[in-house]
Amino acid sequence: MECIITIEIGTGAIRVVAFDLSGALLGSSAGSYPTFHERPDFSEQDPEQIFITMLYILKNFLNEKIHSKRIKVVSICFNSAMHSVLPIDKKGIPIGNAIAWSDNRAKREAAYLKSSGLGESLYKATGTPIHPMSPLNKITWLKNNDKDRFAASKKFLSIKTYIIQQLTGEYIIDHSIASATGLLNIHTVQWEEEALNHAGIVRGQLPELVPVFYTPKGLKKEYQTSLGLHDKVKIIAGSSDGCMATLGAGVWGNGKATVTLEESGAVRIVGKEVLQDKKQRLFNYLLTEGNYVSGGPTNNAGSVFEWYAKQFGDFKRVFDLEGCMENLIKDAGNVPAGSQGLIFLPYLQGERAPIWNADARGVYFGLNIKHGQHHFTRATIEGIIYAFYSIGKTVQEHRNFTSLSANGTFASYPFWTQLMADVFNMTVHIKQNAGPDSVACGGFLVSVTELGMYKDLEHAAQKVKLVDMFLPRKQDHAVYMKHYPIFERLSAKLSEEFALIADLQQDD
Amino acid sequence: MNQHFLKKDCKELHAFPHIIEYALKKNATIQFDSLKKEISSCLRFYYVIDGRFDWVINGQSHILYPGDLAIVAPGQSFGGEKDFLDIGTVSWLCLGIQQWDSDGGMTMGGWSQLTDSECSAIGKFMLVNGSPIVSKLNEAGNLFVTMHNEFTNQEIGYVVRINQLIDELFILIIRHLMRQNNFRRDFPQAFLQLEKTLRENLSHQWTVEEMAALVGLGNTAFSERVKLFTGFSPLNYLINIRISEAIKLLNLSDMHVTDVALEVGFYSSQHFSTTFKKLTGYTPREFRKKNIPIED
């Protein structure tokens with residue numbers, strides 16, 4: 001038997017998944033690594049730890065699930081989180097930790113660029129909203145604030161580039177990860193000269209641009225030996241977690257959108273055209289030539305509910321956070337839709353799409369004497385879903401969609417998925433029994449398309465079957481639509497107060 | 001209850017070389033400079049029976065009420081807020097610790113039944129916990145009362161009994177701290193803290209017990225949670241960190257391979273090289289050589 005392996009280098013963990021060539025899951029394994037916050041705005045990861053964790057997990061997985069059953073590995077496809085920056089010196093050695101996607105140190109650089117004419121033209125060219133997350137601003141930050149490191153940097157890699165380079169010797173970056181750097185012109189598929197100038201770097205300091213199907217020459221001998229792999233195993237450049245979650249959810253073409261509900265989240269669509277949003281609220285990532293994954297991200301999805309559970313959950317009955325959250329979700333079911341007029345703005349960590357306001361903060365609004373703790377619980381979840389709805393509405397200003405496909409940890413809670421269906425007034429599809437995660441599925445589809453089993457990803461996407469679905473309940477939708485306008489108005493109206501309070505909090 | 005005050009040279013303490021002071025004190029008047037702020041050389045436990053005490057421990061002000069217990073680690077400063085002992089009743093015990101490291105690692109000596117690794121875990125957890133005050137620990141009060149009776153009556157077996165009571169006190173405190181700490185709610189946060197501690201002292205021969213105690217869990221629960229959270233057993237996770245740090249040292253310094261091995265916590269360079277090769281496919285020496293200048 002032959003198998004396809006996908007490796008996701010996620011925001012906090014490596015996930016290795018194996019499929020047979022028909023797409024059936026053969027097994028999976030995962031290992032995590034930490035994110036360090038040396039300063040409040042910093043989020044960094046140790047590139048060696050990520051690499052070692054990947055090798056360790058992959059090696060054990062191969063020995064236990066693949067080699068022991070004499071399954072032949074055809075290819076290994078790498079997908080990763082976006083927006084990471086890893087500077088390396090002239091010998092290829094990392095200079096310090098990798099700057100992770102969520103790192104916020106470049107907020108001043110981002111604010112400055114956004115308010116300039118250059119920011120607007122760069123958004124048009126690169127499709128990436130001007131934000132501290134994008135490598136464009138992170139590298140600019142290094143230039144302005146860490147001159148020695150900047151000067152010593154021979155190249156600026158993504159974490160995935162580093163891992164693939166360690167394994168194969170080639171410095172490459174696939175088009176979708178590259179299009180999330182803010183440095184790639186997504187129309188010409190070349191590094192954008194104006195962006196490079198702004199960041200103070202030259203083309204040679206970035207990895208070589210390759211399509212997601214690209215396969216480097218081969219795995220180094222030493223790793224062939226230590227992993228027990230033959231020399232014909234293909235390494236596939238792969239894509240980003242966001243693009244793969246979309247492809248793996250079967251979303252392609254008109255009428256469909258996908259919602260990812262992890263710690264953070266996003267609403268995404270795939271299309272042939274770049275969404276040129278005048279207010280620069282939406283991203284556009286290049287998946288394959290002429291196909292763009294567009295949408296908007298939120299900072300405040302599962303992480304906000306986890307915060308709520310840690311603060312207000314009952315830990316006497318259960319041992320861990322998961323159990324506590326399950327009980328809270330049950331409690332939320334005791335309160336009618338709309339939480340009897342309690343509305344929550346979930347912007348605990350500032351917000352990206354659609355309001356793009358780093359100063360935004362959480363708000364419970366409309367509290368009256370009859371509200372109890374269960375109202376807070378339900379309002380918290382409703383507020384998180386309203387935030388998704390507000391992104392969905394923004395996307396719909398450009399292109400309509402009529403059904404959703406949900407993935408991510410929190411999509412596995414039926415209460416959340418039903419709420420999503422009711423708020424959007426759309427059918428929400430999910431994979432049967434959750435299945436293998438969407439990112440791995442997307443990686444599988446890229447791998448088999450590379451093998452020639454499908455003409456292109458559009459045809460591959462049609463293969464994804466989403467069996468389980470949640471139908472919208474009209475009555476609840478009507479209730480939510482009475483509350484949502486207040487949510488939207490508050491999100492805009494409080495902008496001045498958000499700035500004031502964020503300023504006060506800065507001093508703490 | 002009678003007052004009682006024993007100091008190191010008292011004959012009642014001859015059988016207890018590790019006890020530097022034991023006291024049950026009812027303080028009825030304020031005497032200036034009766035409790036000046038000083039760096040403590042021993043490990044101190046104070047249990048408040050009656051009254052209110054304003055103390056400064058390790059530079060932080062604390063107010064103690066009846067039922068509260070204060071812990072002062074060796075090397076920390078301790079004294080009255082106004083340099084005197086407030087009015088009230090308090091019991092204390094000062095222990096000479098055989099070996100105390102600044103990170104809380106300690107060995108207590110032969111009198112204790114706790115293993116070295118347990119002692120080390122207890123010391124580290126007491127420091128990591130942050131606050132030196134354990135509030136409403138009435139069971140500690142019971143232990144002090146029993147200890148007091150044993151000292152007073154000196155019945156047969158009292159030496160063994162008192163040493164056991166001190167062990168009991170350690171166990172009570174550590175279990176209480178573990179239960180009340182917030183780490184259970186937020187394992188990822190606790191684990192990040194642990195990872196930081198491990199990295200700060202990677203050459204230490206960490207045991208699962210010590211790591212579990214730092215997170216405030218029992219060994220079994222800890223191992224299960226780590227496995228679930230990271231995908232690795234605690235010791236394998238530790239190996240990941242050791243190898244990751246070794247890669248950096250190999251890349252960025254001229255350190256000898258043997259020194260790198262010891263620095264990151266392998267007990268021999270042989271063990272280091274085998275583990276390193278198994279994981280990375282290279283020996284440490286080969287790995288170092290493979291970094292060549294990037295061509296333009």
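User: How many helices and strands does the secondary structure of chain A come to?
Analyst: In this predicted model, chain A contains 18 helices and 22 strands.

User: And how compact is chain A?
Analyst: Its radius of gyration is 22 Å, close to the 23 Å that the globule rule gives for 508 residues, so chain A is as compact as a globular protein of that length. Taken along the principal axes, the box filled by its C-alpha atoms is roughly 70 × 50 × 45 Å.

User: What percentage of its residues count as buried?
Analyst: Of the 508 residues in chain A, 55% count as buried. As for contacts between residues at least 6 apart in sequence, 73% join residues at least 24 apart.

User: Switching to chain B: how do β5 and β6 run?
Analyst: Strand β5 (residues 53-57) and strand β6 (residues 60-64) of chain B run antiparallel and are joined by 5 bridges. One of the residues involved is B:D54, whose bridge partner in β6(B) is B:I63.

User: What do the two strands form, and what is the phi in the turn?
Analyst: β5(B) and β6(B) form a hairpin with 2 residues between them, and B:N58 in the turn has a positive phi of about 55°.

User: How many residues does the contact take from each chain?
Analyst: The contact takes 28 residues from chain B and 28 residues from chain A.

User: Which elements of chain B give two or more residues to that side?
Analyst: They are α4 (187-200), α6 (219-230), α7 (234-252) and α9 (269-280) of chain B. The largest share, 8 residues, comes from α7(B).

User: What about the classes on that side?
Analyst: The side of chain B that touches chain A has 13 nonpolar, 8 polar and 7 charged residues.

Methods: Residues numbered from 1 in each chain as written. Chains lettered and ligands numbered in written order. Predicted model: local features only at pLDDT ≥ 70, side-chain atom pairs only at ≥ 80, totals over all residues. Helix = DSSP H or I, 4+ residues; strand = E, 2+ residues; numbered from the N terminus. Rg over C-alpha atoms; globule rule 2.2 N^0.38 Å. Buried ≥ 20, exposed ≤ 12 C-beta atoms within 10 Å, placed from the backbone. Contact = placed C-beta atoms within 7 Å. Pairing = 2+ DSSP bridges. Nonpolar A, V, L, I, M, F, W, Y, C, P; charged D, E, K, R; others polar.
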